[in-house]
2 protein chains.
Amino acid sequence: MARMFHVPLSPFCRKVRLSLAEKKIGVDLVEEKYWEADADFLRRNPAAKVPVLQLDGITMSESGPICEYLEETRPEPSLLPKDPVARLEVRRLVNWFDDKFHNEVTSKLLYERVNKKMMGQGYPDSKNVKAGAKAIKYHLDYMTWLLDHRRWLAGDQMTLADFAAAAHLSSLDYISDVDWNRSAVVKDWYAKIKSRPAFRNILADQVPGFPPPRHYNDLDF
Amino acid sequence: MARMFHVPLSPFCRKVRLSLAEKKIGVDLVEEKYWEADADFLRRNPAAKVPVLQLDGITMSESGPICEYLEETRPEPSLLPKDPVARLEVRRLVNWFDDKFHNEVTSKLLYERVNKKMMGQGYPDSKNVKAGAKAIKYHLDYMTWLLDHRRWLAGDQMTLADFAAAAHLSSLDYISDVDWNRSAVVKDWYAKIKSRPAFRNILADQVPGFPPPRHYNDLDF
């Protein structure tokens, strides 16, 4: 049985949880207040970040490398195509969401509204919230453009790129920050991901002080 | 012949340049003022970041995915070991430098001192410079700890982790922000990397308005 130190709404943890579930690797989830950086946790990951995964007798950190490790050691079902050019596109989009989307949207909305309160760092900065609410529209439009050309974000098969995107969007959906009416193709794509068994655990998350909206775990949202 | 859109002091571009040179892939370098985000460049990379590499008839972005692609299509000389656990450690450290070191050090020193001026965004914020100067000490100590246990940062062979670290440190060394006297093992490690033929092109960089210090391209620094 794997064990993972995480926080429920972290998109990086959610991406790994989705990969584990898709590959049917059972995991014990342990909530970790990583910002308190206690000595035990720092020994597990000196970078003081979640997720930290214990599997195969190893303690692993960094969600990108963890997902690559899971692909290499449990290749079925595959979340990364075989062809180098197709892999490049999957990884480009994973980085798009984990870097660009994270900086422009997730950190401006989720971190302002939820993480700051959890960490006792005060109230959301309205300038940041406004910037995040504006930027997410541009990202939803980019996803629409991709999904107008492809079945899944990186091509014809579901990949880590879809899980990275769904991890961020699901965390933002938990705080009602995704306008699903903006794009029918993005909504359809999210409905497909949301109905996968791997997603059930994500939809059951409950963060004290932040009750999810009713549509959050509704498959017909 | 490959073509790469870059800026000389970008550690992400330098990491790719080092990989290309180590694998003996010739490249035409084109300086790109990515922050001006002109339409031609946005067509190449909608994320508006460098590096952008044109190779094998494809336009690629994101330094991490590019390096993985180069590994997969030109496996010799190898910069990523075969064993999944060893690969995990290489990728963890690449992320350490490209995420944690980048946020805590590179963005606080290089971007404040050089990028702000290049982009016409005014003067360095002394609070950031101070924070970066403090944080780099902690990172050099972490590198010392790793190199006390290993020949190279991720193990017994030189890997992408060494190139990621050397890319950041070389850019900071260009503006004299690395105290090489802090750690003899880190200095020895950097001397080994610096003397590789792949590094020559990096040591020849000249940024107008920012002359490098004399020790920058001296192999006996």
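This is a predicted model: local features need pLDDT of at least 70, side-chain atom pairs count only at pLDDT 80 or more; totals for chains, interfaces and linings use all residues.
The interface between the two chains involves 25 residues of chain A, which are in contact with 25 residues of chain B. The size of an interface is often given as the accessible area lost when the parts come together. For chain A and chain B the buried area is about 2200 Å², and carbon and sulfur atoms contribute 63% of this area. Eight salt bridges are found across the interface of chain A and chain B, and one that joins the two chains is formed by the side chains of R91(A) and E72(B), with an N to O distance of 2.9 Å.

On the side of chain A that touches chain B, the elements that supply two or more residues are strand β4 (58-61) and the helices α3 (63-73), α4 (84-118) and α5 (126-149) of chain A. The largest share of this side comes from α4(A), with 10 residues. By residue class, the side of chain A that touches chain B comprises 13 nonpolar, three polar and nine charged residues.

Within chain B, four strands form an open sheet in the order β2-β1-β3-β4, and the pairing in this sheet is mixed. Strands β2 (27-31) and β4 (58-61) of chain B lie at the edges, each pairing on one side only. On average, and with direction ignored, neighbouring strands of this sheet are turned by 20° against each other. Strands β1 (residues 2-6) and β3 (residues 52-55) of chain B are paired in the antiparallel sense over three bridges, and in this part of the sheet F5(B) stands opposite V52(B) of β3(B). Helix α1 (residues 11-22) of chain B packs on the sheet, where it touches β1, β2 and β3 of chain B, and the direction of this helix makes about 160° with that of β1(B).

The strands β3(B) and β4(B) run antiparallel and are joined by four bridges, with L53(B) placed opposite M60(B) of β4(B). These two strands form a hairpin that has two residues between the strands, and in this hairpin D56(B) takes a positive phi near 55°. In chain A, four bridges likewise join strand β3 (residues 52-55) to β4(A), and the two strands run antiparallel. Here L53(A) stands opposite M60(A) of β4(A), while in the hairpin of β3(A) and β4(A), with two residues between the strands, a positive phi near 55° is found for D56(A).

Over all chains, a search of the whole structure finds 40 salt bridges. One salt bridge within chain A is formed by K15(A) and D98(A), whose closest N and O atoms are 2.4 Å apart. Because K15(A) lies in helix α1 (residues 11-22) of chain A and D98(A) in helix α4 of chain A, this pair ties together parts that are 83 residues apart in sequence.

How values were computed:
Residues are numbered from 1 along each chain as its sequence is written. Chains are lettered from A and ligands numbered from 1 in the order in which they are written. Side-chain values use heavy atoms; hydrogens and water are left out. Contact means heavy atoms within 4.5 Å. Buried area is the accessible area (1.4 Å probe) that two parts lose on being put together, summed over both. A salt bridge is a side-chain nitrogen of Lys or Arg within 4 Å of a carboxyl oxygen of Asp or Glu. Ala, Val, Leu, Ile, Met, Phe, Trp, Tyr, Cys and Pro count as nonpolar, Asp, Glu, Lys and Arg as charged, and the others, Gly among them, as polar. Two strands pair if DSSP finds at least two bridges between them. Axes are lines fitted to C-alpha atoms, for helices over the stretch in contact, and angles run from 0 to 180 degrees between N-to-C directions.
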